[in-house]
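User: I would like to go through this model term by term. Please set each value against its definition.

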Amino acid sequence: MIKTAFTELLGIQHPVALAGMSGATSPDLVAAVSNAGGLGISGVSDVEGDKMPAHIATIRDRTQHPFGLNLLLHGADDDQMRAVLEGQPAVLSTAWPRDDQDLADIFGRAHERGLKVMHMVPTAADASRAAGAGADIIVAQGTDGGGHIGLVGTVVVVPAVVREVAPVPVLAAGGIADGRGLAAMLALGAAGVLVGTRFLATTESPLHEAFKKLIVDSDGTDTIVTDIADILLGVEWPGALERVARNRLVERWLGRTNELRRRREDVLPAMRQARRSGDPDEAILYWGQTAALIDEVVPAGQVIARMVSEAETILHESLPRLVVR
Ligand SMILES: Cc1cc2nc3c(=O)[nH]c(=O)nc-3n(C[C@H](O)[C@H](O)[C@H](O)COP(=O)(O)O)c2cc1C
C-alpha cells in the first residue's frame with residue numbers, strides 16, 4: 001500500500017485518479033477506477049444540467065466508493081454547476097477557469113455541501129490562485145499530457161507547484177502511465193497521480209476500439225500541440241493549447257487557421273462523423289505522449305494494480321539499493 005495525504009484525505013486505497021475527461025469517461029470507467037481503490041472522476045462538461053442527476057445515479061449504481069465530477073470552468077453554466085454540487089460527489093474537480101471567475105466562491109459552494117475540491121493548473125502561479133481560493137487538492141499538469149495543456153513539462157511543474165502550495169496535496173498529471181511514473185512523481189513531492197491517456201486504452205473506456213488501437217500502436221511521437229481542434233470546434237479556451245493526434249485532418253489545416261475559422265461549419269460534420277465511425281485520419285483525437293508506454297488494452301483495475309505494485313517495488317526495493325552509506 002502507498003499511503004499519502006491524498007489517499008488519507010479521501011479515504012481511498014491508492015494514490016491514482018482517473019482524469020475527468022469530458023466525453024471519454026463513461027460511468028463504467030469511473031466506477032471501475034473507484035472500485036479498484038483509485039478515484040474515478042467523470043468529465044461532465046458535455047452533460048447538460050438536467051441530465052446530470054441521471055448521469056450521477058448511473059455512477060452510484062456501479063460503485064459505492066468515492067468518485068469525482070469534473071467541470072471545465074470556462075464553459076460551465078450555472079445549471080451544470082448546481083447539478084454537480086447537488087449530486088454530492090466526494091470531489092468537485094475543476095480546471096481552466098477564466099480570469100474573471102471567482103474561484104473562492106465556486107470552491108466555497110462545494111465546501112458548504114461537504115465536497116472536496118480538486119483544481120488542475122498548468123503553472124505555479126495558477127496553483128497559488130487556487131490554493132488561496134481554498135482548493136483541497138491541486139493537480140499540477142505538465143505539457144506531456146493529452147487534451148488541453150500548458151507549456152511547462154511535468155517534471156518541472158510538479159515540484160514547482162508542490163513548493164508553491166505546501167502543505168496542500170498535489171497530484172501530478174501529464175505523462176504518467178505506469179508504476180515508474182507514479183514512483184517518480186512521489187519522489188518529486190506529489191501525493192499521487194491523475195491519469196488520462198492510459199485509461200483511454202482500457203476495456204471499460206468508451207473510446208472507439210479503433211482509437212484504442214491507435215494508442216496501443218503509437219510510439220508517442222505522433223501528437224502535436226496546436227489550437228486547430230479548438231478553432232474547428234469553435235471554442236475559446238483561456239490560455240490552453242491542445243495535444244492531439246497529428247493525423248491527416250490536423251496536417252491539412254496546419255498554417256491555415258484563418259481559413260479554418262471561415263470554413264469550420266463546412267468541415268465540422270465530417271470530423272464528427274469520423275469520430276463516430278472510428279476514422280483515425282479525419283477525427284480530432286486527444287491523447288498524450290504516454291502512448292509510447294501503452295502496449296495493450298487491459299481492464300482499468302489492472303492498470304491501477306500494476307501501477308501501484310510496480311511503484312511499491314521501485315520505492316521499497318530498487319531505489320533504496322542505490323543508496324550507499
Ligand atoms: C481525451 C481527453 C479529454 C480530456 N478532457 C478533460 C476535461 O474534460 N477536463 C479536464 O480537466 N481535463 C481533461 N483532460 C486532461 C486530463 O485531465 C489530464 O490532465 C491529462 O489527460 C493528463 O495527461 P495524460 O493524458 O498523459 O495522462 C483530457 C485529456 C484527454 C486525453
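User: How many helices and strands does the chain have?
Analyst: The chain has 14 helices and eleven strands. Helices are DSSP runs of H or I with at least four residues, strands are E runs of at least two, and both are numbered from the N terminus. This is a predicted model, where local features need pLDDT of at least 70, side-chain atom pairs count only at pLDDT 80 or more, and totals for chains, interfaces and linings use all residues. Residues are numbered from 1 along each chain as its sequence is written.

User: Why are H8 and H14 called oblique to each other?
Analyst: H8 (residues 179-187) and H14 (residues 300-322) pack at about 55°, with axes 7 Å apart. Axes are lines fitted to C-alpha atoms, for helices over the stretch in contact, and angles run from 0 to 180 degrees between N-to-C directions. Under 35 degrees is roughly parallel, over 145 roughly antiparallel, 65 to 115 roughly perpendicular, and the rest oblique. H8 and H14 are therefore oblique.

User: What is the handedness of the H8 and H14 crossing?
Analyst: The crossing of H8 and H14 is right-handed.

User: Which residues of H8 meet H14?
Analyst: Gly179, Arg180, Leu182, Ala183 and Leu186 do. Their partners in H14 include Arg306, Met307, Ile314 and Leu315. Contact needs C-beta atoms, placed from the backbone, within 7 Å. The contact of H8 with H14 divides into eight nonpolar, two polar and three charged residues. Nonpolar covers Ala, Val, Leu, Ile, Met, Phe, Trp, Tyr, Cys and Pro; charged covers Asp, Glu, Lys and Arg; the others, Gly among them, are polar.

User: Which residues of H2 meet H14?
Analyst: Leu29, Ala32, Val33 and Asn35 in H2 meet Ala300, Gly301 and Ile304 in H14. This contact has five nonpolar, two polar and no charged residues. H2 (residues 27-35) packs on H14 at about 35°, with axes 8 Å apart. The crossing of H2 and H14 is right-handed.

User: Which residues come nearest to the ligand?
Analyst: Gly145, Gly146, Gly147, Gly196 and Gly288, out of 28 residues around it. A residue belongs there if its C-beta atom, placed from the backbone, lies within 6 Å. Strands S3 (67-72) and S9 (192-195) each supply at least two residues of the shell. By class, the shell has twelve nonpolar, 15 polar and one charged residues.

User: What makes the backbone at Pro167 and at Gln88 worth a look?
Analyst: Most residues other than glycine have a negative phi, and most peptide bonds are trans. A cis bond joins Ala166 and Pro167, with omega about 10°. Pro167 sits in the loop between H7 (154-165) and S8 (170-173). Gln88 is not a glycine, yet has a positive phi of about 45°. Gln88 lies in the loop between H4 and S4 (91-95).

Technical notes:
A crossing is left-handed if the near helix is turned anticlockwise from the far one by less than a right angle, and right-handed if clockwise. Two residues are in contact if their C-beta atoms, placed from the backbone, lie within 7 Å.
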